[in-house]
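Dear colleague,

Please find below the structure that I am handing over to you. I would be grateful if you would look through it together with the notes that come after it.

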Amino acid sequence: MTTNHLAFLFFTFVVGFVLFSALLLLLRKRPWCSCHVCEAYLSSSWAAEFDNLCDWYAHLLRESPTGTIHIHVLGNTVTANPANVEYMLRTRFDNFPKGKPFSALLGDLLGQGIFNVDGDAWRFQRKMASLALGSVAVRSYAFGIVSDEIRRCLLPLLSSVADRGDGVVDLQDVFRKFAFDTICKISFGLDRGCLELSMPMSEFAAAFDTASRLSARRGTATAPVVWKLKRLLNVGSERELKRAIRMINMLAEEVIRQRRKQGFASSHDLLSRFMGSVEEEDKYLRDIVISFLLAGRDAVASGLTSFFLLLSRHEDVAAAMRDEIASVTKGDGDDVVSYERLKEMHYVHAAIYESMRLFPPVQFDSKFCLEDDVLPDGTFVSRNTRVTYHPYAMGRMESIWGPDWGEFKPERWLRGGVFTPESLFKYPVFQAGQRVCLGKELAMVEMKTVIVSMVTKFDFKVLQGGRTIKFVPGLTATISGGVPARVTRCVSRRLP
Ligand code: HEM
């Protein structure tokens, strides 16, 4: 067969594929919808009034009497109604899995990792991961690693920034590097120094950012056929994504190779526990490695970044935190406080929760409706469509938090000075129900330890702290342009 024939066959196949997919799409969705929401979505006219898509959604959800809206062209029902969230994540959990369309979006990056699977594959990984993350030995191992990273890397870095000319550093960048190193050690028991990598770690971190951004972009397309075709032809953003994933795979392979080389029988890290319990193929271990890297790096770094942005705007909160820290530690001068003392710091805990109410690291999360269903607020959801709950919008609902929802007030989480959590269905920052985040406690301890160590020693003034915040599209919230801040040493520590 000549090259011309082959080209013709390929062309016919591609055209047929496009037409067939377009037909399926038309039947399933309403890409022609001309309601004002869909028109604003398709023309991006919402951007004239709102800085971010999530701000526009939050506005629409606040205006909606049920706290639920439809984006018809995406075939997506978006809700900020706690009763609906409980229904999806707990009551009718089986009818709202991740689903195949969603798994397809993230499949190239996450493979069969815990974030991207349902059914038995999910149940098995969840059991393994919760045994590991729930164990006292692993928790104290993780706390030791976090403390060590703070003493050896974070505080010396901030000291050198404070002592040099301008004293400015991008906090977002600092936290991403810190969280990446920490999670590599907690999850795989490996220091970046012991990995024999062909490229600097910063390039692998950049590949993660690219892969996360481009995978998330697939989900915003009204016609999935476009990215599928680009993937088939290996062009544009799909080609870039493929390259980024190839790099990530190299990192994962090296991690697994080193772990095997160093032995895993007596190690506490999460990968060793998986390797010790099951005879698994490298492909499966690779998917586990990627899931943990993403879980542990991006969300923690995002939570810390927005915390310091808010703190810089609220000196009263910084002062109240320092008072609490001083009264618990009695100014003992330790660089890192003990696990026991951290638990006594209710105000600091409340401040972290409050910051993630306004800036949740995972701004929205989608499920797939298997069979026709009716949500508690009366919204009908047809089978094979997407339902999204939206923690970013939920943190900004007057119906949930009252008229002062826009204020940063850690006190709203305290009863008689004691931290008192809200229902996770009102605050699904860590998700809720059967698939609630397994790293919640670990993440809180990590963030709290970092924050306490940093505010005890330094003051942070975010440059142009009052500017509007723009997010970079991605799986977790990242602030466009970073968060440059001036770091100075604290002049005096207050004592009660
Ligand atoms: C501030 C930090 C964190 C936040 C806000 C957060 C939030 C979330 C959210 C929203 C989910 C649900 C995602 C989905 O189903 O699509 C999730 C799941 C998960 N998280 Fe986290 N996470 C954080 C840190 C961590 C850390 C440090 C780890 C572990 C090292 C971790 C491990 C997991 C795992 C294993 C799941 C999957 C649970 C399942 O599907 O059954 N997370 N997290």
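The model is predicted, so local features were required to have pLDDT of at least 70 and side-chain atom pairs were counted only at pLDDT 80 or more, whereas totals for chains, interfaces and linings use all residues. Residues are numbered from 1 along each chain as its sequence is written.

**Ligand shell**

The ligand is surrounded by 22 residues, where a residue is near a molecule if its C-beta atom, placed from the backbone, lies within 6 Å of it. Ala295, Ala299, Cys437, Gly439 and Ala443 are the closest. At least two shell residues each come from α6 (119–134), α13 (282–313) and α19 (440–457); helices (H or I, at least four residues) and strands (E, at least two) are DSSP runs, numbered from the N terminus. The largest share, six residues, belongs to α13. The shell comprises 15 nonpolar, four polar and three charged residues (nonpolar: Ala, Val, Leu, Ile, Met, Phe, Trp, Tyr, Cys and Pro; charged: Asp, Glu, Lys and Arg; polar: the others, Gly among them).

**Sheet**

Three strands form an open sheet in the order β3-β13-β10, with antiparallel pairing; two strands pair if DSSP finds at least two bridges between them. Because β3 (168–170) and β10 (458–462) are at the edges and have a single partner strand each, one side of each lacks a neighbour in the sheet. On average, neighbouring strands are turned by 35° against each other, direction ignored. β10 is joined to the antiparallel strand β13 (residues 484–489) by five bridges, and aspartate 459 stands opposite threonine 488 in β13.

Helix α8 (residues 171–188) lies across β3 and β13, at about 55° to β3. Axes are lines fitted to C-alpha atoms, for helices over the stretch in contact, and angles run from 0 to 180 degrees between N-to-C directions. α13 also packs on the sheet, touching β10 and β13, and its direction makes about 90° with that of β10. Contact requires C-beta atoms, placed from the backbone, within 7 Å.

**Helix pair**

The axes of α7 (residues 136–163) and α19 come within 10 Å and cross at roughly 30°. The two helices are therefore roughly parallel (angles under 35 degrees; over 145 is roughly antiparallel, 65 to 115 roughly perpendicular, the rest oblique). Residues of α7, including Phe143, Ile150 and Leu154, meet residues of α19, among them Leu442, Val450 and Met454. The contact divides into 11 nonpolar, three polar and three charged residues.

Yours sincerely

Note on methods
Contact = placed C-beta atoms within 7 Å.
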